[in-house]
Amino acid sequence: MRRATTVALAAGAALLARRALRRRIGASPLWPMPALEEPVSGHGTRRSTVALRLTVTERAGPAEGVVRLRLAAPDRSELPAWEPGAHLDLVLPSGLVRQYSLCGDPADRTAYTVATRLVEGGRGGSREVHEQLREGVELSVRGPRNRFPLVPSASYVFIAGGIGITPILPMIKAVEASGTPWRLLYGGRSRATMPFLDEIVGLGGTGESGGTERLGGKVTVVPEDESGTPDLVAFLGASPADAAVYCCGPEPLMDAVGVALGPGRTPYLERFAPGAATAGAGFEVELRRSGRTLPVPADRSLLSVLRTEVPGVTYSCEQGFCGTCQQRVLEGEIDHRDELLTPAERDGSMLICVSRCLGKKLVLDL
Amino acid sequence: MSNTPQPAPVAEERIELKARNVSFAWENTPLHWIPGDPFTGHTINVLHLLLPAGERWFVHVYKQVLPLITDDRLREDVIGFIGQEAMHSAAHDDVLPHLKKLGLDPTPYTAQVDWLFEKLLGDRTLPPGRARRWWLMERVATIAAIEHYTAFLGNWILNAETLDRRGADPTMLDLLRWHGAEEVEHRSVAFELFMHVDGGYRRRVRTWATAFTALAFLWQRGARFFMDNDPTPAVGRASLGAFYRAGQRGMLPSTPSMLKSIPRYLSRTYHPSQEGSTAQAVAYLASSPGANGGH
């Protein structure tokens, strides 16, 4: 009898508790867990794994050995915005991923335009673009991302080598539209191989200045078969000393620009093969917490140097996409070569697997 | 205690763990990505609610354990594990804005999951020494228990052919199978790490009980959250019965198979290599569109 009473009481209490709980949950369905005030999940800005499926809607040959592709969403919907200097990751049919600068009009939100030159004996990406990406082909695209943004400046100097004109072209249009003074040195093997030549000469307004000997006009075109290699020192010497210098082209050209500018001035460079962890100059890294300074030779990554010295350093992909090796940087100018970090994150941290130093020394919180 | 049964790993070729650079195009994935079955889709969608914060937390905890590892091979595995988990977290995180665009804002729920992993299970202000180590070990053991279930689910999704037959969205299936395959691929790491730094059986049982209860609580809550907030009229409600029946049809893991996996983890001879097949996982990864550039 007593047992039956106990069971009845317990059952009654359970029913009451259930009703109270249901009412409480009904009033606020996600009771009783607190929430983080500033949600993290779903609110990041990296968007590193999102791809767009785009279709090649137009294919043209603006110069010898160069194809220009227009890429749009199958339903022609609006695409994410971009600014001059931005690039796309194209995932080619074979799975190869290659970066190409956007060279169209940022105001055209329905399509992206890229141009690529066929590199004989290259790594295969450009050959695939030239042979496989016909009109109507669908491909995955990541980005756009900008590692080569225009910084505010009183005047600009642009130096482009061949297909390196692609990120420079929208920059020139933006700078021209804003009325800021600019000058361009555009070099290439021969006029026939230099894309967008007419468009650029048109932008120069007064016409091209025709070779390195005359430095008055906005645009100086230097085809190697006519005028030899460009005289960078003379060209830069005739430009204002506080101009922002942007250069995209073959590695030797970019090195030469750095040398011609002299110490104290750094050009903004866009490399054709980002992620190459070991292309660049050597520098020093100071580990502030352990009080050590190590040399990082030109042919080694910062990660590979640190791995031998700091056993706990984490890393995984070694290509700048997973973010495992992100480290806080206390001092020094970082040469970001990853595809992952947001501008805010780039401010005080780096991915040590691919990124390097623009100056002589980096100080890490290690 | 030489007569205590020991974990018995199944011999398999050791593979190097590497993060894969995945990408997924979401624009064509509908909210009900299993046609005509919102409940199953939403039950699986709970993964997108739990994993971004959860796997970020794995990475956070494991970065603290690295200095305690004395075995070089295991350290390499844990580092590979960290990279893979970071990509999993990012990939699931990138689904959330798409859900929001489709009219189902997951933020009220994910902000709570963020709180759970960042605050409740985060680094507590503990004195260095025993207390701090105890809290680290509890979390390492909890991750080992959770990884038992991620490997279980990974193995299930790799073999869930019913989802293909029912016309599930290929991009979502690829995300789940890429993730599942990497979970199968690295299924031994969390357990081996736990055995290496602690290995206490009582801790294993205790953290399993906590993890299992928390997962069951969060999962039913997430499925109810999705069903209640789905903008489509008359999607119905989440229920245990619907879960059981979906399991019978092969649309979700079956309830009996889930119950049977419990004693396996609690067995003293348990080793994760006894579950699932690395060869199958690696074969899927080699053909996954998302893991091979996303074409």
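A: The account below takes chain B as its subject and then turns to chain A. The model is a predicted one, and every value given here is computed from it.

Chain B holds 12 helices and zero strands. Followed along the sequence, its pattern is α-α-α-α-α-α-α-α-α-α-α-α. The C-alpha trace spans about 60 × 40 × 35 Å along the principal axes of chain B. A compact globule of 295 residues would have a radius of gyration near 19 Å, and chain B agrees with this because its own value is 19 Å. Of these 295 residues, 47% count as buried. Contacts in chain B reach across the sequence: of those between residues at least 6 apart, 84% join residues at least 24 apart.

Gly290(B) is placed in the segment after helix 12 (278-287) of chain B. Gly290(B) counts as buried because it has 26 C-beta neighbours inside 10 Å, and the cut-off for a buried residue is 20 or more. Once its neighbours within four places in sequence are left aside, Gly290(B) is in contact with Val22(B), Ser23(B), Phe24(B), Asp174(B), Leu175(B) and Trp178(B). Trp178(B) is 112 residues away from Gly290(B) along the chain, yet 7.5 Å separates their C-alpha atoms.

The contact between the two chains comes next. In total, 45 residues of chain B are in contact with 36 residues of chain A. On the side of chain B that touches chain A, at least two residues each are supplied by helix 1, helix 2 (72-93), helix 3 (96-101), helix 4 (107-120) and helix 9 (201-229) of chain B. Helix 4 of chain B gives the most to this side, namely 12 residues. By kind, the residues on this side of chain B divide into 25 nonpolar, 11 polar and nine charged.

A nonpolar core also deserves attention. The largest such core has 166 residues, and those with the most contacts inside it include Val141(A), Phe158(A), Tyr246(A) and Cys247(A). Helix 1 (residues 38-65) of chain B provides the largest share of this core, with 14 residues. As for Cys247(A), it touches Ile159(A), Leu253(A), Met254(A), Val257(A), Pro267(A) and Leu269(A), when residues up to four places away in sequence are not counted.

Chain A itself is assigned three stretches: domain 1 (52-144), domain 2 (156-270) and domain 3 (283-364). The centres of domain 1 of chain A and domain 3 of chain A, taken over C-alpha atoms, are 31 Å apart.

Chain A also contains paired strands. Strand 1 (residues 52-63) of chain A pairs with strand 2 (residues 66-72) of chain A in the antiparallel sense, over six bridges. In the hairpin of these strands, two residues lie between them, and Gly65(A) takes a positive phi near 75 degrees. The bridge partner of Val56(A) in strand 2 of chain A is Leu71(A). Strand 2 of chain A also runs antiparallel to strand 5 (residues 112-117) of chain A, joined to it by six bridges. There, Leu71(A) has Tyr112(A) of strand 5 of chain A as its bridge partner.

Conventions: Residues numbered from 1 in each chain as written. Chains lettered and ligands numbered in written order. Predicted model: local features only at pLDDT ≥ 70, side-chain atom pairs only at ≥ 80, totals over all residues. Helix = DSSP H or I, 4+ residues; strand = E, 2+ residues; numbered from the N terminus. Rg over C-alpha atoms; globule rule 2.2 N^0.38 Å. Buried ≥ 20, exposed ≤ 12 C-beta atoms within 10 Å, placed from the backbone. Contact = placed C-beta atoms within 7 Å. Domains from an automatic or database assignment. Core = buried A, V, L, I, M, F, W, Y, C linked by C-beta atoms within 7 Å. Pairing = 2+ DSSP bridges. Nonpolar A, V, L, I, M, F, W, Y, C, P; charged D, E, K, R; others polar.
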